[in-house]
Amino acid sequence: MAGVAFKQVSKVFGKDVKAVDDLNLEVRDGEFMVLVGPSGCGKTTALRMIAGLEEATDGDIVIGERRVNDVPPKDRDIAMVFQNYALYPHMSVYENISFGLKIRELKSTFWQLTHMSEAKKIREDIDRRVREVAKMLDIEKYLARMPKELSGGQRQRVALARAIIRKPKVYLMDEPLSNLDAKLRVQTRAELIKLHRQLNTTTVYVTHDQVEAMTMGQRIAIMRDGLLQQCDTPEMVYSQPANKFVAGFIGSPPMNFFDAKLVNEGGRTMVVVGDLKFPISNPAASGYVGKEVTLGIRPESIFDKNLDSRVKSNPDNTFTAKVDVLEPLGHEYVAYLFADGHHFQATIDTGTKIEEGKNAEFVVDIDALHLFDKDTEQAIR
Ligand code: ATP
């Protein structure tokens, strides 16, 4: 096994499309790293550079201890799973899974073998491995079928089996679940996590779906316009986003942002949005007193005052807002609120008595407020 590293890697297409801009990122040996970001941010290009399908314009790509910029893809000991997996249509599931392995393991040795028993041993080993991965991915009963006799989800699992059977140093996965329907996506997501726990193979996984990133990644690298914004655990990118972009990208519904000002009132730093005013415990905020900032509040940090919540109401954290729309999700509501000229969202527990078109009182968790520099958009901390 091996880790993967990008060292000051850039990729420029044509004259001026900088798909990846001075990327420094280390994927640890055995780690499941997710590259996530909006369409066009450079994540696929980064992945393809590890695979050797794209050449870096600048910098070093390292797999294990080895700089691989000049190593051809087939010698990099990686396996890729794409969104559009292509199974061989004329081969059974069994043959699809074993094909690459047979080519690799028999091609070099088979014709030189003096004893056919050796070849038999290799074939038996391949057979054992096919059945092992088929069992892992729950496709044992389809081994004799042809790809056209499978559902999309089953086909995708065959594609995964084909990649996994090779036991490479690194798995590279590019949106491998995006062709599956929602239920199957969640199921296969869980299977992939389980699989990684069993195999512990270094995996770099590309997705534009932040939920997929949060649920699958041991760490998440968030990219925007070719630039790495933050790389950390799901907990950290959620609770301590490095900047406004990450804060708005991670979390659903997304974080609410307000133009705000910081003031000092009787020795306390307060954030002011029109008539709304909350104390700020973040010590770094004192350096911004008198300045305009962006205030970020996650929808899940706003509570119905009249429901039992983990945050108790007090004069500092309570405010009134009009409930525009109440969207039921079953386990909670998304409330579209309006206060002091601002529209924002809150997730409210079931059991709430708030009603559309009426004012209600809400409590905000002031320890979970986020502040961003208005110009640089970096988190203030
Ligand atoms: P998506 O989620 O849409 O696949 P992505 O984050 O994976 O997006 P990339 O495919 O890496 O993004 O593309 C990054 C940028 O590089 C985009 O602006 C894209 O248009 C550009 N790009 C990618 N491949 C090429 C190419 N072969 N020639 C020119 N420009 C390219």
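The entries below concern the ligand, a helix beside it and the nonpolar cores.

**Entry 1: Basis.** I noted that this is a predicted model, in which local features need pLDDT of at least 70, side-chain atom pairs count only at pLDDT 80 or more, and totals for chains, interfaces and linings use all residues. Residues are numbered from 1 along each chain as its sequence is written, and side-chain values use heavy atoms, with hydrogens and water left out.

**Entry 2: The ligand.** I asked which residues surround the ligand. They are Phe-13, Val-17, Ala-19, Pro-38, Ser-39, Gly-40, Cys-41, Gly-42, Lys-43, Thr-44, Thr-45 and Glu-175; a residue is counted if one of its heavy atoms lies within 4 Å of the ligand. I sorted this shell into 5 nonpolar, 5 polar and 2 charged residues. Here Ala, Val, Leu, Ile, Met, Phe, Trp, Tyr, Cys and Pro count as nonpolar, Asp, Glu, Lys and Arg as charged, and the others, Gly among them, as polar.

I then looked up polar contacts (pairs of N or O atoms within 3.5 Å). Oxygen atoms of the ligand lie 3.0 Å from a backbone N or O atom of Cys-41, 2.7 Å from a polar side-chain atom of Thr-44 and 2.5 Å from a side-chain N or O atom of Thr-45. On its own the ligand has 630 Å² of accessible area, of which the protein covers 58% (Shrake-Rupley method, 1.4 Å probe).

**Entry 3: Helix α1.** Helices are DSSP runs of H or I with at least four residues, and strands are runs of E with at least two, numbered from the N terminus. Helix α1 (43-51) and strand β2 (17-27) each supply at least two residues of the ligand shell, and α1 gives the most, with 3. I found α1 largely enclosed by the rest of the structure, because 7 of its 9 residues are buried (under 20% relative accessible area; exposed is over 50%, partly exposed in between).

Thr-44 touches Asp-174 and Val-206 (heavy atoms within 4.5 Å, not counting residues up to four places away in sequence).

**Entry 4: Cores.** A nonpolar core is a set of buried Ala, Val, Leu, Ile, Met, Phe, Trp, Tyr and Cys residues joined through side-chain atoms within 4.5 Å. The largest has 46 residues, among which Ile-97, Ile-139, Leu-192, Tyr-205 and Ile-222 touch the most other members. Helix α4 (residues 152-164) provides the largest share of this core, 6 residues. I also recorded a second, separate core of 30 residues, including Val-271 and Phe-278.

Conventions: Buried < 20%, exposed > 50% of the residue type's maximum accessible area, 1.4 Å probe, protein only. Polar contact = N/O pair within 3.5 Å; in protein donor to acceptor, adjacent residues only side chain to side chain.
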